[in-house]
Amino acid sequence: WRDFFQSLSAGLRIAMWLVVAGLFVFVLLRLRDWFQTRDRDSRPQVKAPTHVGSLDIRPESLPDDIGAAARALWQRGETRPALSLLYRGALSRLVHGHGVPIRAASTESDCLALASSRLRPDAQDFLARLVSGWQSVAYARRELAPEDFEWLCAGFNARMAPERRP
C-alpha cells in the first residue's frame, strides 16, 4: 500500500502544479483582455441627440441647402422660423459634422463653449453671431437687420462645413 500512496501522492502533486499554472495563465489572459477593453473604452461613446431643447437637429430633418431655405422663409416674412432653421442647421453640423458633444439640454452658451475648441476662428465668430441673432429674435422678440440675416445665410455652408481630415 505504501508504494501505491507514494505514486498517488506524486501524481496529485503534478496535477496540483498543472492546475496552478493553468490558473496563472487564465489570470494573465483576463488581465490582457481587461487592459485592451479599458483602453478602447477610455473615451465614452456618447449617442448624438436628435433634439436640442425642442429643436430637431437630425440631418434628415433639414434641407440640403440650409442658407437658401432660410432665405426663402425670410422673404415670406417668417423671421423666427428662418433663424430657427439656421440655428438648427448649425447645431446639426456641430454634432454630426464636427463631433461637438452637445446634449439635448445644452443651452446656447453651452453650445458656444463646447464648439470653441473644434471650430476655426471664422466659424466661431459666425456661430457667435448666429446665436446672438437667434437669441435676439427668439427670446427678445427683436427684429434682425436684413443685412445681418443675409450675411448669415450667405456664409452658412462655408463656415459651418465639417472639417476635412486626411
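Colleague: How many aromatic pairs does a search of the whole structure find?
Modeller: Happy to start there, and do keep in mind that this is a predicted model. Rings of Phe, Tyr and Trp pair if their centres lie within 6.5 Å. Searched over the whole structure, the number of aromatic pairs is 6.

Colleague: Take W74 and F149: which class of aromatic pair do they form?
Modeller: Their centre-to-centre distance is 4.0 Å, with 10° between the planes. Planes under 30 degrees apart fall in one class, so W74 and F149 are stacked.

Colleague: Nice! How many residues apart in sequence are the parts that this pair ties together?
Modeller: W74 belongs to helix α2 (residues 66-75), while F149 sits in helix α6. Both W74 and F149 are buried. The parts that the pair ties together are separated in sequence by 75 residues.

Colleague: And Y87 with W134: why does that pair count as stacked?
Modeller: The ring centres of Y87 and W134 are 5.5 Å apart. Since stacking needs planes under 30 degrees apart, the deciding value is their plane angle of 10°.

Colleague: Which residues do ring pairs link into a cluster?
Modeller: Y87 comes from helix α3 and W134 from helix α5 (residues 121-138). Y87 is buried at a relative accessible area of 3%, and W134 is buried at 5%. The cluster linked by ring pairs is Y87, W134 and Y139.

Colleague: Last one, friend: are α3 and α6 roughly parallel or roughly antiparallel?
Modeller: Helix α3 (residues 79-97) packs on helix α6 (residues 146-160) with axes 11 Å apart, at an angle of about 15°. Their crossing is left-handed. Angles under 35 degrees set the class here, so α3 and α6 are roughly parallel.

Notes
Residues numbered from 1 in each chain as written. Predicted model: local features only at pLDDT ≥ 70, side-chain atom pairs only at ≥ 80, totals over all residues. Heavy atoms only, no water. Axes fitted to C-alpha atoms, helices over the stretch in contact; angles between N-to-C directions. Helix = DSSP H or I, 4+ residues; strand = E, 2+ residues; numbered from the N terminus. Parallel < 35°, antiparallel > 145°, perpendicular 65-115°, else oblique. Left-handed = near helix turned anticlockwise from the far one by under 90°. Phe/Tyr/Trp six-rings, centres within 6.5 Å; stacked < 30°, edge-to-face > 60°. Buried < 20%, exposed > 50% of the residue type's maximum accessible area, 1.4 Å probe, protein only.
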